[in-house]
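Please read them alongside the coordinates.

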Amino acid sequence: MIGDQKSDITLDIKGEVCPYTFVRSKLALEKMNVGEVLEIITDYNQAREDIPRNFSNEGQQIIAIEQTAADEWHIFIRKAAKKPEQK
């Protein structure tokens with residue numbers, strides 16, 4: 001937990017780079033129930049941008065992105081119901 005944000009699961013992926021940051025985050029979110037919050041901790045600047053964008057494109061809810069004094073980012077994502085198929 002950081003600030004007022006609370007999470008059900010925390011995934012620490014500091015030291016990892018794209019695409020592994022998103023792949024590990026996606027695998028963690030897939031194991032969670034709808035409505036639960038995943039906190040992702042990363043120190044990779046590109047992941048700070050890519051992870052929220054990719055999850056948003058998948059219909060997930062980005063709750064917050066917070067930076068700590070240690071140059072880490074905490075990304076909070078609430079798992080949404082599956083996005084309806086496009087026809």
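**Notes on the core and fold**

1. The largest nonpolar core holds 13 residues, and those with the most contacts inside it are Leu29, Leu38, Ile40, Ile51, Phe55 and Ile77. At least two core residues come from each of helix 1 (20-30), strand 2 (37-42), helix 2 (45-57) and strand 4 (73-78). A nonpolar core here is a set of buried Ala, Val, Leu, Ile, Met, Phe, Trp, Tyr and Cys residues joined through side-chain atoms within 4.5 Å. Buried means under 20% relative accessible area, with a 1.4 Å probe and protein chains only.

2. This is a predicted model: local features need pLDDT of at least 70, side-chain atom pairs count only at pLDDT 80 or more, and totals for chains, interfaces and linings use all residues. Residues are numbered from 1 along each chain as its sequence is written, and side-chain values use heavy atoms, without hydrogens or water.

3. Leu29 touches Leu38, Phe55, Gln60, Ile77 and Lys79, leaving aside residues up to four places away in sequence. Contact means heavy atoms within 4.5 Å.

4. The chain has 2 helices and 4 strands. Their order from the N terminus is β-α-β-α-β-β. Both are DSSP runs: helices are H or I, at least four residues; strands are E, at least two.

5. Of contacts with a separation of 6 or more, 67% join residues 24 or more positions apart. Of the 87 residues, 36% count as buried.

6. The C-alpha atoms fill a box of roughly 45 × 25 × 20 Å along the principal axes.

Terms used: Buried < 20%, exposed > 50% of the residue type's maximum accessible area, 1.4 Å probe, protein only.
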